[in-house]
Amino acid sequence: MAEQQRIIISGGKRLEGEIAVQGAKNGALPLFAAAALCGGESVLHNCPKLSDCDSACRILECIGCKCKREKNTVTVDSSVIGSVEVPTHLMREMRSSIIFLGAILTRCKSCRLSFPGGCELGPRPIDFHLAALREMGAEIEEKHGFLDCTAPSGLHGAKITLSFSSVGATENIMLAASLAEGVTEIHNAAREPEITDLASFINKCGGKVSGAGGSTVTIEGVEKLRPCEHKIMPDRIAAATYLCCAAVSGGELILTETDHNDLRPVTAVLEQMGCRIYSYGQSNMFINAKKPLISPGTVRTNVHPGFPTDAQPPLMALTTLAAGTTVFVENIFENRFKHASELARLGARISVEGKVAVVTGVKNLSGAELMATDLRGGAALITAALGAEGVSRISGLSHIDRGYENIEGVLRSVGADIKRM
Ligand code: UD1
C-alpha cells in the first residue's frame, strides 16, 4: 500500500515541541535473532512499529517461533524451532536478515537461506560473516543463490579478526558464539552502541560476552540461554534525523527517550553549523537552531565513533541550505548519494564524484515531486522538503516505513505541515 501513497509537505514551518524518540531499528533486528537462541518467551520492549521489524517477526514465524505484538512490546516464543530455512522473499524484503544465520546455525546446527545479493546502497557482501562462521566450524555451500550451512557437531570458539569493523558480522559472530563450544574472540570488532545492547541482552539471558563497545569482544559459549525481558535502546539515527529536521526549520525541539552520548558524532557537526544543543537528565536533549546555518566543512562518514553513514543523507539535506561549501566523504557504502539528484529537484547544488559529494549552500529550496529510493535517502527528502518553500510530494514511502515509525505523525505533532495521502 505504501507504494501508492505520498507524503505531502508544505515547507517553511518552524518546528517546536517535544518528540519521544522511537526504539532503535538496528538495535531491534539482532535482538530478534538473539531471541531465537533462548528456547522460551523473550519480551522486547520499546520495539518500533516498522516494516523491518514485521519482516523479522515473519522470519521467526517461518522457522517455528511465535511472535506477538502488543503496542511496542513484542514477545518472541522460541521454544520450538521447526524449520531452518528462511524463504527467499523474506531475505529480499530485508537484506540484513543474514543476521539470523548465526543464531539458527548455532541453535539448530544447520540453516538454509538465499544469498542476500545487492541492495540500494550497492553490493552488500557477506564474506566476513561466512569466513567467520567457517572458522567456527561451519560448512557452507554456496549454490544457485542459496547458502546451505551445517555444523553437524556444533560450532566452536575461534579467534576472528575482521578486516573491516562490520556491524552485522560482529553481531552474527556474537550470536553464533554465544552457544558455541569454547571461547570466541572478535578482533577489530564493530563498536557501535547496538553491539553493546546486543551484548547486554545475551548476558541477561545467561550468556558470557565481554568487551562490547571496544575493539575486542570475547564470547564464552554457554550450553543454554534462557529467555529474558529487555528494553531496546533509543534509535540514534531517528534522533539524528529529527535534529536535522529541527535545524532546517530554524526551530526548537526537545527529544526525550534518547541517548546524547551515542549522538555525539552528529551533535558535534550540528553545533559547528551554529545549532545550540544541550542534554539534560538521563535521556533528554534540546536543540535550538537559528537560520542561516553555516557549513560544517568536511564530513567524513566512518565506523563508530565516527560520523554515522546513516545520518549522512539527512545532514546533506540540511547543508543544502547552509552558507558555504560542505564536502561529504562516504567511507562506508559505495552508492550512498542517490538522494543528491532528488535534492537537486528542490534547487540544491550538489556535485557527486565517486565517494565524494560537494554541496554548495543555496538561500532557498522550492517544493518538488520527489522519490525516495532508500531508507535514509527518504529521510533526507523529508528534511529538505520541510526547509523548502512550497509543496513537495514524496513517493517511495515503503523505504521510509522500514525505519521511521509514523514519521508524518511525529513531525506534525511538532508543527510541520505534513500528511500522508
Ligand atoms: C549496519 C546497519 C546499517 C549501517 C551499517 C554501517 C543494521 C541492520 N544495519 O549494516 O544501517 O549503515 O551497519 O553502520 O544494523 N562488508 C563487507 N563484507 C561483509 C560485511 C560488510 O565487505 O561481510 C562491508 C559493507 O559492504 C560495507 C561495510 O562493510 O561497505 C560496512 O558494512 P556493515 O558494518 O556490515 O553494515 P551492516 O551490518 O550491513
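**Questions on one chain**

Visitor: In which helix is glutamate 342 found?

Guide: Helices (H or I, at least four residues) and strands (E, at least two) are DSSP runs, numbered from the N terminus. The run that holds glutamate 342 covers residues 338–345 and is helix 11.

Visitor: What kind of model is this?

Guide: Residues are numbered from 1 along each chain as its sequence is written, and side-chain values use heavy atoms, with hydrogens and water left out. Local features need pLDDT of at least 70, side-chain atom pairs count only at pLDDT 80 or more, and totals for chains, interfaces and linings use all residues; this is a predicted model.

Visitor: What share of the residues in the chain is buried?

Guide: The C-alpha trace spans about 65 × 45 × 40 Å along its principal axes. Of the contacts with a separation of 6 or more, 73% are between residues 24 or more positions apart. The buried share of the 421 residues is 57%.

Visitor: Which strands stand at the edges of the open sheet of four strands?

Guide: The strand order is 6-7-9-8, with mixed pairing; two strands pair if DSSP finds at least two bridges between them. Strand 7 (residues 110–114) and strand 9 (residues 146–150) are antiparallel over five bridges, and leucine 113 has leucine 147 as its bridge partner. Each edge strand has a single partner strand, so one side of each is left without a neighbour in the sheet: these are strand 6 and strand 8.

Visitor: Which ring does arginine 112 lie over?

Guide: A charge sits over a ring if NZ of Lys or CZ of Arg is within 6 Å of the ring centre and within 35 degrees of the ring normal. Arginine 112 is 4.3 Å from the ring centre, over the face of phenylalanine 146.

Visitor: Which residues form the aromatic pair?

Guide: A search of the whole structure finds one such pair. Rings of Phe, Tyr and Trp (its six-membered ring) pair if their centres lie within 6.5 Å; planes under 30 degrees apart count as stacked, over 60 as edge-to-face and the rest as tilted. With 6.0 Å centre to centre and 15° between the planes, the stacked pair is tyrosine 278 and phenylalanine 286.

Visitor: Where is asparagine 46, which has a positive phi?

Guide: Its phi is near 60°, in a residue other than glycine. Asparagine 46 counts as buried, at 17% relative accessibility. Its loop runs between strand 3 (41–45) and helix 2 (51–62).

Visitor: Which residue does a cis peptide bond join to histidine 304?

Guide: The residue in question lies in the loop between strand 18 (298–300) and helix 10 (312–319). Omega is about 10°, and the partner of histidine 304 is proline 305.

Terms used: Buried means under 20% relative accessible area, exposed over 50%, partly exposed in between (1.4 Å probe, protein chains only). Contact means heavy atoms within 4.5 Å.
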